[in-house]
Amino acid sequence: MAHSVSAEHNQGMAADWTGGQSPFGLNWPKVMMWLFLISDTLTFAGLLMGYGAMRLSLGTWPKQSDVFHLWLVGLMTFILICSSATMAIAVAAARLGDKRTVMRFVLLTVLGGAMFLGMQVYEWSNFIHEGARLFENPWGVPQFSATFFITTGFHGGHVTVGVIYLLITALRWARGSIQPESVEIAGLYWHFVDLVWVFIFTLLYLL
Amino acid sequence: MAEPRHEGGYKGYVITWVWLLVITMLEIAVVLVGLPKALLASLLLLMSLMKAALIIAYFMHLRYERVAFIYTVVAPMIVLAVVLFAFVAPDALHVFSSRR
């Protein structure tokens, strides 16, 4: 019994890794999105690791709770998590063939993303009004504001692209020109944006 | 776990969503309580890894893909975290100690 299970497992491994068929039993658009997300992980890992190295080597860093409004950032996190959940429901609805629900929840996700961006604009403009610039700020080491602007800017750029991507997906879904899998792939991107924010929120704002 | 390969309803997503919110509130609570720095850092890191795992496994459906694909996605991320940290952190600490 155990032998046949492992033989089956090996055959499964071989089937997954040989050419001439769809790798991993997935269609290529989904695999390509995953590969893009892995490479995008590199981007953000680089940014966050650079922040970590800088902070460790400086040995001094402004106290974040004196600078940031924790409740505003908490609310932004809450909204982004909710938008990720609504996107997950849209993807499930697409698979179940519930067209109305897909539309409704993709648009809810867009709304969440737009609210997040609006709050980030508010946060940035507050920060700049209080005297923060890319290479100087009133709270301490100049690297503090540089890290803030570059990391949250990169993330905000991803959210902006995600909102546009989801709007296009909603439009194409309404016209019936895409398959449920396209909604799922858009969902993968959106969840990744949420995933990155988990680390930015923890490392930049809380730690 | 006795879940089917492709779960049908929305229930799993709602549960994941609630857990993500609970962990986020715990993160904020831990900061507000004011723990020692090392304990705070390890707690926060642990909780953010838990959130990341929830998002990847359930929202992004990775748990329901083939094992080979799970390795393909997760292995580079783990290698990245370990290798980058292993090389960068000692260097940063060295700079810090030679600055004083």
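Modeller: First, a term: a nonpolar core is a set of buried Ala, Val, Leu, Ile, Met, Phe, Trp, Tyr and Cys residues joined through C-beta atoms within 7 Å. Buried means 20 or more other C-beta atoms within 10 Å of a residue's own, with C-beta atoms placed from the backbone. This is a predicted model, where local features need pLDDT of at least 70 and side-chain atom pairs 80 or more, while totals for chains, interfaces and linings use all residues. Residues are numbered from 1 along each chain, with chains lettered from A in the order written.

Biologist: Okay, how many residues does the largest nonpolar core have?
Modeller: It has 59, and Val102(A) and Ala90(A) are among those with the most contacts inside it. The helix α7(A) gives the most, with 18 residues; helices here are DSSP runs of H or I, at least four residues long.

Biologist: What does Val102(A) touch?
Modeller: Leaving out residues up to four places away in sequence, it touches Ala90(A), Ala93(A), Ala94(A), Trp173(A) and Val183(A). Contact means C-beta atoms, placed from the backbone, within 7 Å.

Biologist: Switching topic, how many helices and strands are in chain A?
Modeller: 7 helices and 0 strands.

Biologist: And how much of chain A is buried?
Modeller: Buried residues are 35% of its 207.

Biologist: How many residues does each chain put into the contact between them?
Modeller: Chain B brings 34 and chain A brings 35. On the chain B side, α3(B) gives the most, with 14 residues.

How values were computed:
Buried ≥ 20, exposed ≤ 12 C-beta atoms within 10 Å, placed from the backbone. Helix = DSSP H or I, 4+ residues; strand = E, 2+ residues; numbered from the N terminus. Contact = placed C-beta atoms within 7 Å.
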